[in-house]
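Work through the exercises below with the sequence and the model side by side. Try each task before reading its solution.

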Amino acid sequence: MKTISENRSFGGVQGVYSHASAACNCDMTFGLFLPEETAHGPVPVLWYLSGLTCTHENAMTKAGAQGWAAEHGIALVFPDTSPRGEDVADDESYDLGKGAGFYVNAAQDPWAPHYRMWDYVAEELPALLAEHFAIDPERQAITGHSMGGHGALTLAMAHPGRFRSVSAFAPIAHPSVSDWGRKQLGAYLGDDESAWARHDATLQMRDVGFDGPVLIDQGGSDQFLDLLKPEALAEAMAARRQEGVFRMQKGYDHSYFFISTLMEDHVAFHAEALYA
């Protein structure tokens, strides 16, 4: 593992690191904020999964999460959104290929050799963090934005007992019936839509739900509402009587201004579960 940078931040350290990934068959980069409490032992961790076109850096610099995480003594992990490198397949459109890994394990060429973001986020990166940093694997929570909200919700529901809480900002909530989803799931996973179900938060909420609290925030003026389909997830949560809250935030769009405005709420929400 290589240290790219480390900066003092809110009494802790915001680091950026790279490593050779066996899951993605390339070098991967991630951001990690460690609060000052790590000097005395392992701390809880909150995963933040970013959206389309993003890298590890977008949320790390724009979400305003470090200050709130430091207040609660929580580490923050900012993974990348896709594999990177000259040998990694890409597409000319912004919503497929690099920056658009969709947190799945691709089964179709040319994506299959590198696009295994599900295994990377669910298995490889957690093991790396546990080995090298003062992270408590028994106290994890997960959040994300847009494509990352989709990833956070589907990963949380697929791993019962791992995450104590899950939240999302404007998640791609029903990708199997959206142009933000059908294109990518078809390309990465193939035409058999039964293989898509575990990567659709609405379908997973209907089928299995989450074994902890859920918080969803959606901007009422989001320019991508028709693609995100938040109403489907809200209906699924209500039908399942899922422990959680769905909030439509009047006037907010899809940007990091929306995320940074509500980040304090989300970190506090996760802190309550992580320290319960």
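**Exercise 1. How within reach of each other do the axes of α3 and α4 come, and at roughly what angle do they cross?**

Before starting, note that this is a predicted model, in which local features need pLDDT of at least 70, side-chain atom pairs count only at pLDDT 80 or more, and totals for chains, interfaces and linings use all residues. Residues are numbered from 1 along each chain as its sequence is written, and side-chain values use heavy atoms, with hydrogens and water left out.

Step 1. The axes of α3 and α4 come within 12 Å and cross at roughly 60°, where axes are lines fitted to C-alpha atoms, for helices over the stretch in contact, and angles run from 0 to 180 degrees between N-to-C directions.

Step 2. Angles under 35 degrees count as roughly parallel, over 145 as roughly antiparallel, 65 to 115 as roughly perpendicular and the rest as oblique; α3 and α4 are therefore oblique to each other.

Step 3. On the α3 side the contact (heavy atoms within 4.5 Å) involves Trp 118, Val 121 and Ala 122, which meet Thr 154, Leu 155 and Ala 158 of α4. By class, the residues of this contact of α3 with α4 are five nonpolar, one polar and no charged.

**Exercise 2. Where does helix α3 bend, and which proline follows?**

Step 1. Helix α3, spanning residues 117–132, bends by about 35° at Glu 124, and Pro 126 follows within four residues. The bend is the angle between axes fitted to the seven residues ending at a residue and the seven starting there.

Step 2. Both Glu 124 and Pro 126 belong to the buried residues of α3, which also include Trp 118 and Val 121; buried means under 20% relative accessible area, exposed over 50%, and partly exposed in between, with a 1.4 Å probe and protein chains only.

Step 3. Among the elements that cover the buried residues of α3 are the strands β2 (12–21) and β6 (135–144), together with helix α4 (147–158).

**Exercise 3. Which residues of α2 meet α9, and at what angle do the two helices pack?**

Step 1. Helix α2 (residues 65–72) packs against helix α9 (residues 256–274) at an angle of about 30°, with their axes 9 Å apart, and α2 and α9 are therefore roughly parallel to each other.

Step 2. From α2, the residues Ala 65, Trp 68, Ala 69 and His 72 meet Met 263, Glu 264, Val 267, Ala 268 and Ala 271 in α9. The contact of α2 with α9 holds seven nonpolar, one polar and one charged residues.

**Exercise 4. Is Phe 10 buried or exposed, and is Tyr 103 buried or exposed?**

Step 1. Phe 10 lies in the loop between β1 and β2 and has a positive phi of about 50° although it is not a glycine. At 57% relative accessibility, Phe 10 counts as exposed.

Step 2. Tyr 103, in the loop between β5 and α3, has a positive phi near 55°, but at 0% relative accessibility Tyr 103 counts as buried.

Step 3. The loop between β5 and α3 also holds Pro 110, which a cis peptide bond joins to Asp 109, with omega about 5°. Most residues other than glycine have a negative phi, and most peptide bonds are trans.

Conventions:
Ala, Val, Leu, Ile, Met, Phe, Trp, Tyr, Cys and Pro count as nonpolar, Asp, Glu, Lys and Arg as charged, and the others, Gly among them, as polar.
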